[in-house]
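Here is a friendly briefing to read alongside the sequence and the model. Please keep the 3D view open as you go.

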Amino acid sequence: MRKGINNHEGNKYASRGIKLSYIAPTIQEEIKIVELEKEEVDAEMEKWRRAVILYVVGESTTIGAVERFIASQWKITEKPRVYYYNEGYFLIHFHNMEYRNRAMSSTPNTINNKPIIMREWTTDFNFKEEMPSTLPLWVRFPNLPMNCWGVKSLSRIASSLGVPIYVDDCTTRIDRISYTRVLIEIDITKELPDKTVVRDPNGRSFEQEVTYDWRPIHCNTCLPHARKRRFMKKQMRSPNK
C-alpha cells in the first residue's frame, strides 16, 4: 500500500503557533495583489518603533555577548529582547522609547575592541546600503613624549586622524605610560595612516607612530564601487521629477 505524502516533512519538530486564516488576495489584470490592513500594519509599526538595529563591525558575535554588553553598558532595568537577524546583524527591541533613546544616545561602544554601529529601525531600513563611511576606532600612540599628554595636545594629535571622542581610563589616570589610547571617529573609506607628524612649540618635528586595536580592511577598488552601487540604488528609488 502506498504511503501518504507527509506535508509536514522537515517540520515534524516545529511547535504550532498562531493559527492563520485564508484571506483572498485582490486580482488586477490577472496579477494577485496582497492588500494589507492599515490598522494592523500601523500597530506593528508602533511596536517595532522601539527597536534599533545593531551591528558589530568585523566580529562574529553571539546573542549572549550582545546581552552581556547591554547589561554592563546601558544600565537598563528591563532587559530588552535581542533577535539575531543575519550575518552579524541584531535587532534590539526595548520595552519603551525612553530605553531606546538612552541606548541611541550612549557614547560610541565596542565589543572586543570592535566598533558597534546602531541605527533606528524603520520600515524601509537597509543596513547594508546605509553602512557609514566613518567609525569610532581605538587608536594608540606608542612612546608619545610625556610632555604631549595634555588634553589639548592629545586632541590636536588625534584630530590629525579624525574627530577625537575620548581617551581610555588608563590614559586619563596615567596608569600606563608606554602609549596613549584614544577613541577617534575615522573615515574608513581612506587608508588608515601608520604615523602622523607632530611639531612642538620649539619647532621640533617628529613622526609619531600610530597603531589600531582593530582596523577595517581597506580596498581602493571595492569602496568606490560600493558607493557607486548605493548611489545608483538611491537614484532608482527616487521619483521622477
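Predicted model: local features only at pLDDT ≥ 70, side-chain atom pairs only at ≥ 80, totals over all residues.

Residues are numbered from 1 along each chain as its sequence is written, and side-chain values use heavy atoms, with hydrogens and water left out.

**Overall make-up**

- The protein has 6 helices and 13 strands; these are DSSP runs numbered from the N terminus, with helices (H or I) of at least four residues and strands (E) of at least two.
- Of the 241 residues, 30% are buried, where buried means under 20% relative accessible area, exposed means over 50%, and partly exposed lies in between (1.4 Å probe, protein chains only).
- Among contacts between residues at least 6 apart in sequence, 63% join residues at least 24 apart, a contact being heavy atoms within 4.5 Å.

**Helix H2 and its cover**

- Helix H2 spans residues 63-73, and its buried residues are Ala65, Val66, Phe69 and Ile70.
- Seen down the axis of H2, the buried residues fall within an arc of 140°, so they line one face of the helix; the arc is that of the directions from the helix axis to the C-beta atoms.
- An α-helix has 3.6 residues a turn, so residues three or four places apart point the same way.
- On the face of H2 turned away from the buried side sit the exposed residues Arg68 and Ala71.
- The cover over the buried residues of H2 includes strands E3 (51-56), E4 (81-84), E5 (89-93), E6 (110-111) and E7 (114-120).

**Salt bridges**

- The structure holds 15 salt bridges, each defined as a side-chain nitrogen of Lys or Arg within 4 Å of a carboxyl oxygen of Asp or Glu.
- Side chains of opposite charge can pair when their charged atoms come close.
- Arginine 49 pairs with glutamate 46, and their closest N and O atoms are 3.1 Å apart. Arginine 49 is partly exposed at 37% relative accessibility, and glutamate 46 is partly exposed at 43%.
- Arginine 102 forms a salt bridge with glutamate 98, with 3.3 Å between the closest N and O atoms. The two are 4 residues apart in helix H3 (residues 97-104), which means that about one helical turn separates them. Arginine 102 is partly exposed at 33% relative accessibility, whereas glutamate 98 is exposed at 52%.
- Aspartate 200 and arginine 204 also meet in a salt bridge (3.3 Å, N to O). Aspartate 200 is buried, with a relative accessible area of 16%, while arginine 204 is partly exposed at 46%.

**The network around aspartate 168**

- A network of salt bridges links Arg140, Asp168, Arg176, Arg181 and Asp213.
- Aspartate 168 lies in the loop between strand E9 (163-167) and helix H5 (169-173), and is buried, with a relative accessible area of 9%.
- Leaving out residues up to four places away in sequence, aspartate 168 touches Trp138, Arg176 and Arg181.

**Threonine 180**

- Threonine 180 belongs to strand E10 (residues 179-187) and is buried at 0% relative accessibility.
- Not counting residues up to four places away in sequence, threonine 180 touches Val139, Arg140, Phe141, Leu144, Trp149, Leu154 and Thr171.

**A nonpolar surface patch**

- Val34, Leu36, Val41 and Met45 form a nonpolar patch on the surface, together having about 380 Å² of accessible area.
- Patches are made of residues with over 30% relative accessible area and no salt bridge, with like charges joined within 9 Å and nonpolar side chains (Val, Leu, Ile, Met, Phe, Trp, Tyr) within 5 Å.
- Valine 41 lies in helix H1 (residues 38-48) and is partly exposed, with a relative accessible area of 33%.

**Cysteines**

- The disulfide count is 0, a disulfide being a pair of cysteine sulfur atoms within 2.5 Å.
- Cysteine 148 is buried at 10% relative accessibility, whereas cysteine 170 is partly exposed at 28%.

Definitions and conventions:
Areas by Shrake-Rupley, 256 points an atom, 1.4 Å probe, with all protein chains shown as cover.
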